[in-house]
Amino acid sequence: MNKTIVALVAAILGVAAAVYICTNLAWIETARFRAVDFIIPAGEKEEVVFDQSYMQMSSPFDTGIQGMSMLAAELRHRKISVSINSLPLDELLPMFMGAGHILVLGVPSVPPAQYRDNDIEAIRSFVSAGGALLVITEHDNAYANHRFQGKLLDHYGITMNLESAFGAGKTPDLENWPLSTSLLWQFKNIKYFYATSISTTDPAETFTVVNKPKSEKFRINGAINRKNPGTVVTLGDYEILWNMTPGSGVRYGDNLAFIMKTVELLKGTQQPQGTKSHTAPAIDVLQMAGAKGTVLFSRLGNGLVPDCSVSGLYRFARKLHEAGYGISVKDQPQNSEKADCLVLACPVTSFNADEALGLARKFILVADGLTSMEASEEMNASIKVAMEQYHLKPDFTEYDHPLNKIAVSMGFRFAPVTVLSDNASNQFEARSYWTDNDREFLLRRGCIIEPASSAFPGELRVMARTEHDCWPEKNLINTFIAPGKAIPYEPKRIKRGEFPVVVSSRRVFAISDVELLTNQFINTPEGKELFTRIIEWLGESP
């Protein structure tokens, strides 16, 4: 058969597959976004969602010390989708039901008194339908997290104690960071970093314990409840998931292996009969032809691609195709396959920037909120003491965002900060505006874009900025007064201002908040506005 005919048939089949998938989704209108029965492309049938709707301090897209990008990279390596969520849980969870779905509920940096009743009900329904929970707590009721998580966990027989799960050692390391053991598996070299102790009542069970405890009464630092269709696991420490430094955090001893075994346990729960799983027939390759050129999505650096996970870019890719662009998704694209545009969204590991620059004529670079502890004048005093006590000597070059090697070559960089605001309900939501028409939109835990040197090059345009009541925060480990109290962020040395969050030149379009492009928000008015600007930019010659 003629090669041209074969290629034409393949293109038609690709479009037909995409049309079938899009027209057979259960599109559900909500007040804030169009939800979808998420399709997970072949090999990615499980998903972990890290909630951010309560201002949780750590993100899987953050490559800093307190980020969880190394955990995200391992999950993606195992073909498990990784997402973040900023919507109220009672809006997310009805569209995220079924076995294989894991919701991570971390510690909020400025927590409310407790979960909203609607969210508690939604979480319980999620677990009853086979979804799994990984709930993180902290010592000393820091950030009032015991009160916050307590109402949820009491239902599952799990209680946090004010007493910490200390070890019997004499040094800060051995006492506060003692070795622990998992009772389900043969991991004896687990290290929590100052964990709360936990008590359990039936049907909850002990999950992990301190090997040599200071007190037998306060030995438990992890708990599990397997009596529901979905499993609930609670860990008494956040830092066990963090990047931290070599030899600590997720990189210590058995920590990563233990966490991944826990994820395997959580995603393996059984779905009850009669409950609906929000998945649909999967496709192996997303390859659609288009007359205006090809937009390439690459998994370089374990970044986001057009799947239909919560933070997936499937809707973005679909809209690009509807606008006339071909779509290609490749794991390791070759330079011979030069595309008109390459999309790199939230990569969490380093990659060869020179090779990436050879893949396309134009680039869409997307980051998200980041953190850093490099600037000592902005580091909480207790954090500096801990660094010294526990002999932590981070190499801060290790935490630079993977996109910056490309970005710096174009005159800018994604700064290691998270934009905060005076928004009383959620300081992660920062009002921003388009510089050419003053139209406002919300930045949700975004970073800022700063010049790579003293100023942006002349060809780089600042397209959007934050409002004047916003500021960049490097350290989201907020000041807290233990036990049980936390105060809002009150920056004293950081100047508020209007900081760049979207910039572009003929060659690059850079965005500091990935959620504007994800399946959750691309069809909102703010997502549509951004998409329109991207289409206009794609039409410009590089």
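**Entry 1: helix α4.** The model is predicted. I began with the contacts of α4. Its buried residues pack against α3 (89-92), β5, β6 (132-136), α5 (145-154) and β13 (232-235).

Which residues of α4 are buried? I found D119, I120, A122, I123, F126 and V127. I then looked down the axis of α4. The buried residues fall within an arc of 165 degrees, so they line one face of the helix. An α-helix has 3.6 residues a turn, so residues three or four places apart point the same way. On the other side of α4, I noted D117 and E121 as exposed.

Next I checked the length. Helix α4 has twelve residues, 117-128, which at 1.5 Å a residue should span 16 Å. Its end C-alpha atoms are 17 Å apart, which agrees. Just after α4, I saw that G130 takes a positive phi of about 105 degrees.

Entry 2: Rolling a probe the size of a water molecule over the atoms shows where empty space is left. I got three cavities of 30 Å³ or more. The largest cavity holds about 60 Å³ of space.

What lines the largest cavity? I listed V48, F50, L71, L75, I102, V104, L134, L241, I259, V263 and L266. Two or more lining residues come from each of β3 (46-51), α2 (69-77), β5 (101-105) and α7 (255-267). The largest share, three residues, comes from α7.

Eleven residues are nonpolar, with no polar and no charged ones.

Key:
Residues numbered from 1 in each chain as written. Predicted model: local features only at pLDDT ≥ 70, side-chain atom pairs only at ≥ 80, totals over all residues. Heavy atoms only, no water. 1 Å grid on protein atoms, 1.4 Å probe; cavity = no way out; pocket = protein on both sides within 12 Å on 5 of 7 lines; lining within 4 Å. Points joined across faces, edges and corners; volume = space filled by probe spheres on them. Helix = DSSP H or I, 4+ residues; strand = E, 2+ residues; numbered from the N terminus. Nonpolar A, V, L, I, M, F, W, Y, C, P; charged D, E, K, R; others polar. Expected span 1.5 Å × (residues − 1). Buried < 20%, exposed > 50% of the residue type's maximum accessible area, 1.4 Å probe, protein only. Arc of directions from axis to C-beta. Contact = heavy atoms within 4.5 Å.
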